[in-house]
Amino acid sequence: GHCGVGSIVNVNNAKVASALGADMVLIANGGLGSAFDELELNRVLCQHHNVRIAGVVVNKVIPGKLEQTRHYMGKALRHAWGVPLLGCVPDRPYLGCPALADLEKLFRTELVCGQKHRFRHYNVDDLNLVTTSLSRFLENLREKNSRTLYVAHVTRDDLILGFMAEYQRTRRKNEPPFEAALIICGRKGKYQLSTEVKDMLNSLEGAPVMVVELSTHQAMQKIHTFTPKLNIDDTNRVGKAVEHYEPYIDFDELLRRTRSENSSFNVPGDISFEDLRTR
């Protein structure tokens, strides 16, 4: 979060860093003008609490604008603050795709079946609300991207049973892996999964199904606005994140600056702040 997080209880991030004597790395999402404006607001709060800024990382940069952002943002930071751009990281949408385990936390529920696929990720752009006939739904299951997240209302027993049957069919036919997932929605106290269908789901192995006590609209809205966090148990995504970020961030410079006791981060014989500004 930004430096002001926690201000309502008078313990914002900048104040905590000051109390700990810790340096701060500021991170902003891709862009130039808007990103710099956001960074400036955070810089002022750091300055107010006498917190040193070790550097800046610009995250989620459009790949085609990576070099442009690195050049101009680096130049702006040097001239305005005398602070280096430690990293400029291109966007990788996969890292922002929620896993089913993330959705379990979001909705405070658990998968009814398909638990072994908890760390399978889904692109929310492929979220599909099913309101069609069963035959059309089965066509979608066979024609669309196999890893699609479907949302259906709890009253549509035909769709739920059709989803289960299609999973079983693909297993018998030795077809490509069935990777779709189904979220069954129904407002708490008004709609509920029938006992018979619930028993069938409990006996199903493999296909991920989740029951959420919200309307389909509320569930889809929450998914679209949800930002998943890295989960240490999601080893695949953590590994991909490390692999993606490591080449783009200058960790050596970060360590050098945070180890310096000089208020300007300079070490003997290093370039001065004024010389840095004129480069």
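The following legends describe close-up views of a predicted model.

**View 1. An open sheet of 5 strands.** The strands are arranged in the order S4-S8-S7-S6-S5, with mixed pairing. Strand S4 (111-113) and strand S5 (128-129) stand at the edges; each has a single partner strand, so one side of each is left without a neighbour in the sheet. Within the sheet, strand S6 (residues 149-153) and strand S7 (residues 181-185) pair in the parallel sense over 5 bridges. Leu-149 has Ala-181 in S7 as its bridge partner.

**View 2. Helix H6 against the sheet.** Helix H6 (residues 157-172) packs on the sheet and touches S6, S7 and S8. The direction of helix H6 makes about 160 degrees with that of S7.

**View 3. The aromatic pair of Phe-36 and Trp-81**. The structure holds 4 aromatic pairs. One of them, formed by Phe-36 and Trp-81, is tilted, with 5.5 Å centre to centre and 40 degrees between the planes. The pair links distant parts of the chain, 45 residues apart: Phe-36 belongs to helix H2 (residues 33-48), and Trp-81 to the loop between helix H3 (66-80) and strand S3 (85-90). Both residues, Phe-36 and Trp-81, are buried.

**View 4. A cluster of Phe-163, Tyr-167 and Phe-178**. Phe-163 and Phe-178 form an edge-to-face pair, 5.3 Å centre to centre and with 70 degrees between the planes. Phe-163 lies in helix H6, whereas Phe-178 lies in the loop between H6 and S7. Both Phe-163 and Phe-178 are buried. Ring pairs join these two residues and Tyr-167 into a cluster.

**View 5. The start and end of helix H1.** At the start of helix H1 (residues 13-20), a side-chain oxygen of Asn-12 comes to within 3.0 Å of the backbone nitrogen of Ala-14. Just after H1, Gly-21 adopts a positive phi of about 70 degrees.

How values were computed. Residues numbered from 1 in each chain as written. Predicted model: local features only at pLDDT ≥ 70, side-chain atom pairs only at ≥ 80, totals over all residues. Heavy atoms only, no water. Pairing = 2+ DSSP bridges. Helix = DSSP H or I, 4+ residues; strand = E, 2+ residues; numbered from the N terminus. Contact = heavy atoms within 4.5 Å. Axes fitted to C-alpha atoms, helices over the stretch in contact; angles between N-to-C directions. Polar contact = N/O pair within 3.5 Å; in protein donor to acceptor, adjacent residues only side chain to side chain. Phe/Tyr/Trp six-rings, centres within 6.5 Å; stacked < 30°, edge-to-face > 60°. Buried < 20%, exposed > 50% of the residue type's maximum accessible area, 1.4 Å probe, protein only.
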